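This report examines selected local features of one protein chain. The sequence and the structure are displayed first.

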Amino acid sequence: MENKRVLISGASIAGLTSAYWLNNNGFEVTIVEKAKEIRGGGYPIDVRGSAINISKMMGIYDSLKTKSLDNMKIKFLDRKNNLVGQLPDTSMKEYDDIEIPRGYLTNELYKLVKEENINILYGDSIKSVIQNTTFASVEFESGNKEIYDLIIGADGIHSNTRKLTFGHEENYTKYLGYNFTGFSMANNLNMYKEGWIYSENAKTSVMYATKDESFIHAFLVFYEPNELLVNHRDEEKQREIVKEKFKDLEGITPNMLKSLDEEESIFFDTTTQIIMDTWSKNNIVLVGDAAHAPSF
């Protein structure tokens, strides 16, 4: 590559990490992100194996370690919120592995990208791509047009880059049977480094608090043998589905459904595996969830 101009679609973990390393190896990197800002929040994720070494090479391991969910207690409740079981400590102190809220990792990666002055185009996305043997011509939804040597699709399980390059999503998905909704709730119960779980009839309600914060994370997960066909951007329809599924559950669930109605933004998706024979085509390559990882 002579110009080494790279466009990355998606500013989450895979996109920000790719941007950091490409920038450090002399590439001119631009990130396009359909959201108006970097999105935090999300469920806990594990940083382990090769990711430990990479985080140390990037200089963020020690910072991530301070946010680790050590000594987090998991409590199993019944429909009357009585304690029926407990895992007193879910950490593994003898290992370098870290369990960390997804948003903390995203924010640490974003700090690195910001320090390198990598260009991020917020509130925009790729509309079309024309490829040839040496470059790709991109038209954005905003109407702007640019030429890049390489395009990296790091835009998640519902990747727009994959759709534009390889075709419709259903050609590459394997539904795994579960649906989940994530959102934030006010920490009115003063929860601290603990999780509450209530399950009944293939439906599970989960609340957990990572640190002493004003909010807690909430998840409603249910089994559905046949995949629900709902637009992943239609939050109103998603709320309707979840409320109908969980309307008869007791325990911690009613309070969670009340917060679901009050929360401005929710995250709803299916557990789905992306399966592809190849992750690249000419000037475009897919990484992260867009390429291979199962959701949730």
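The sections below describe ring pairs, charges over rings, strand pairing and individual residues in a predicted model.

## Aromatic pairs

The count of aromatic pairs comes to 6. F267, at 44%, is partly exposed.

A further pair is formed by Y208 and F219, whose ring centres lie 6.3 Å apart. Their planes stand at 0 degrees, so the pair is stacked. Y208 is located in strand 14 (residues 203–209) and F219 in strand 15 (residues 215–223), so the pair ties together parts that are 11 residues apart in sequence. Both Y208 and F219 are buried.

## Charges over rings

Two lysines are placed over aromatic rings. K4 lies over the face of F27, at 5.7 Å from the ring centre. For K67, the charged end sits over the ring of Y104, and the distance to the ring centre is 5.4 Å.

## Pairing of strand 4

Strand 4 (residues 73–77) pairs with strand 13 in the parallel sense, over 4 bridges. Within this pairing, W196 in strand 13 is the bridge partner of K75.

Strand 4 is also joined to strand 5 (residues 83–87), by 4 bridges, and these two strands run antiparallel. Here F76 has G85 of strand 5 as its bridge partner. Strand 4 and strand 5 form a hairpin with 5 residues between the strands, in which N81 takes a positive phi near 65 degrees.

## Asparagines with positive phi

Which backbone angle does N117 have although it is not a glycine? N117 has a positive phi of about 55 degrees. Its place is the loop between helix 4 (102–115) and strand 7 (119–122). With a relative accessibility of 67%, N117 counts as exposed, because that class begins over 50%.

N201 likewise is not a glycine and has a positive phi of about 55 degrees. N201 is found in the loop between strand 13 (194–200) and strand 14. At 61% relative accessible area, N201 is exposed.

G49 occupies the loop between strand 3 (44–47) and helix 2 (50–57). Its relative accessibility of 49% means that G49 counts as partly exposed. The C-alpha atom of G49 is separated by 8.8 Å from that of D96, and the two residues are 47 residues apart along the chain.

Q238 lies in helix 6 (residues 235–246). Is Q238 buried or exposed? Q238 is buried, since its relative accessible area is 1%. When residues up to four places away in sequence are not counted, Q238 touches V230, N231, H232, R233, I266 and F268.

Terms used
Residues numbered from 1 in each chain as written. Predicted model: local features only at pLDDT ≥ 70, side-chain atom pairs only at ≥ 80, totals over all residues. Heavy atoms only, no water. Phe/Tyr/Trp six-rings, centres within 6.5 Å; stacked < 30°, edge-to-face > 60°. Buried < 20%, exposed > 50% of the residue type's maximum accessible area, 1.4 Å probe, protein only. Lys NZ or Arg CZ within 6 Å of the ring centre and 35° of its normal. Contact = heavy atoms within 4.5 Å. Pairing = 2+ DSSP bridges.
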